[in-house]
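Open the model in your viewer and keep the selection tool at hand.

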Amino acid sequence: MAEKIALEYQFQHKHIFGIEQLSVPDITHILATARSFREISSRPIKKVPTLRGKTIVNLFFEPSTRTRLSFEIAAKRMSADTFNISAATSSATKGETLIDTARNIQAMNPDVIILRHSSSGAPQLLARYIDASVINAGDGAHEHPSQGLLDMMTVIDHKGRIEGLKIAIIGDIAHSRVALSDIIGFTRMGAHVHVAGPQTFMPCHIARLGATVCSSVQDAVKGADVVMALRIQMERQNDSLIPSLREYSRFFGVSRTLLELAKEDVIVMHPGPINRGVELNPDVADGGRSVILEQVTNGVAVRMALLYLVLGGSKGSDGQGEGR
Ligand code: CP
């Protein structure tokens with residue numbers, strides 16, 4: 001039966017707006033495709049012709065190190081032509097709207113636009129005005145789907161599965177697009193997600209997504225297979241929602257002492273960038289349980305898979321299929 005489902009499965013998404021739109025077979029297929037592409041990055045010559053002739057534009061209206069670079073590396077490893085536009089150096093600084101910017105980029109006939117924007121829903125809006133595929137690289141406090149997928153890939157690498165795991169997500173749940181993508185993704189794949197943080201960082205709708213809201217960080221971390229710390233998203237807050245960073249670190253920072261409550265083989269994750277000594281103690285960030293740099297490595301493979309699949313690639317298990 002499982003084989004029949006796998007044979008009949010077809011990836012149907014032209015755009016990637018969020019984990020919300022992805023079914024369990026979609027997520028499974030994306031991760032299988034990413035896994036099949038991962039070894040390309042460890043070859044002496046890290047290049048395959050799969051997306052030769054395709055044009056991919058990174059359109060970033062917010063800062064990024066990991067997401068932007070890994071989408072660019074992913075595209076280049078598959079022989080696509082890539083171009084980067086950041087808000088600071090674009091005509092957005094002269095008052096051009098997102099739609100006008102997108103229409104002008106569309107006039108140059110790209111195949112994929114990867115968008116990071118401070119407004120939730122900006123990728124969906126963009127997709128209404130252009131023919132190219134749109135991949136959301138983080139929209140406001142909404143979603144960051146490629147991060148959610150690379151997080152799931154990293155957990156499977158270490159635990160062999162997602163179903164049944166206890167995943168503790170600590171910190172600024174309200175303003176984090178990673179939190180939303182991870183809660184939706186891990187819950188959909190059968191994990192038990194527990195969240196904890198200051199009350200001012202806890203949106204009231206979060207329990208409706210299937211997460212358990214804990215009254216203390218200790219409750220969230222107790223018996224956890226995975227502990228994920230999130231950065232405080234200062235850029236999305238008009239007022240200070242915590243008394244001080246020192247106090248935050250004392251009550252919500254992930255320390256070695258806190259980790260003693262988790263399972264012995266717990267892994268520690270963080271989407272980056274880390275505020276060392278705030279949400280994560282440096283000895284935990286650099287310690288033996290940390291898989292933070294593996295998350296970054298998996299980011300390239302997941303983004304190769306997303307580019308390949310939105311452009312019509314169809315093979316999930318061996319990655320040998322040609323893009324459309
Ligand atoms: N995780 C993440 O989105 O990092 P960047 O902001 O550096 O892309």
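For residue classes, Ala, Val, Leu, Ile, Met, Phe, Trp, Tyr, Cys and Pro count as nonpolar, Asp, Glu, Lys and Arg as charged, and the others, Gly among them, as polar. This is a predicted model, in which local features need pLDDT of at least 70 and side-chain atom pairs count only at pLDDT 80 or more, while totals for chains, interfaces and linings use all residues. Residues are numbered from 1 along each chain as its sequence is written, and side-chain values use heavy atoms, with hydrogens and water left out.

**Ligand.** Ser 64, Thr 65, Arg 66, Thr 67, Arg 116, His 144, Gln 147, Pro 271 and Gly 272 surround the ligand. By class, this shell holds 1 nonpolar, 6 polar and 2 charged residues.

A polar backbone atom of Thr 65 is 2.8 Å from a ligand oxygen. On the nitrogen side, a ligand nitrogen lies 2.8 Å from a backbone N or O atom of Pro 271, and a ligand nitrogen is 3.3 Å from a polar backbone atom of Gly 272. The protein buries 92% of the 250 Å² that the ligand exposes when taken alone (accessible area by the Shrake-Rupley method with a 1.4 Å probe).

Pro 273 sits in the loop between β9 (267-269) and α11 (282-285); helices (H or I, at least four residues) and strands (E, at least two) are DSSP runs numbered from the N terminus.

Now select Ser 79, in the loop between α3 (66-77) and β2 (81-86). Ser 79 is not a glycine, yet its phi is positive, about 70 degrees.

Key:
A residue is near a molecule or strand if one of its heavy atoms lies within 4 Å of it. A polar contact is a pair of N or O atoms within 3.5 Å; within protein, one must be able to donate a hydrogen and the other to accept it, and residues adjacent in sequence count only if both atoms are side-chain atoms.
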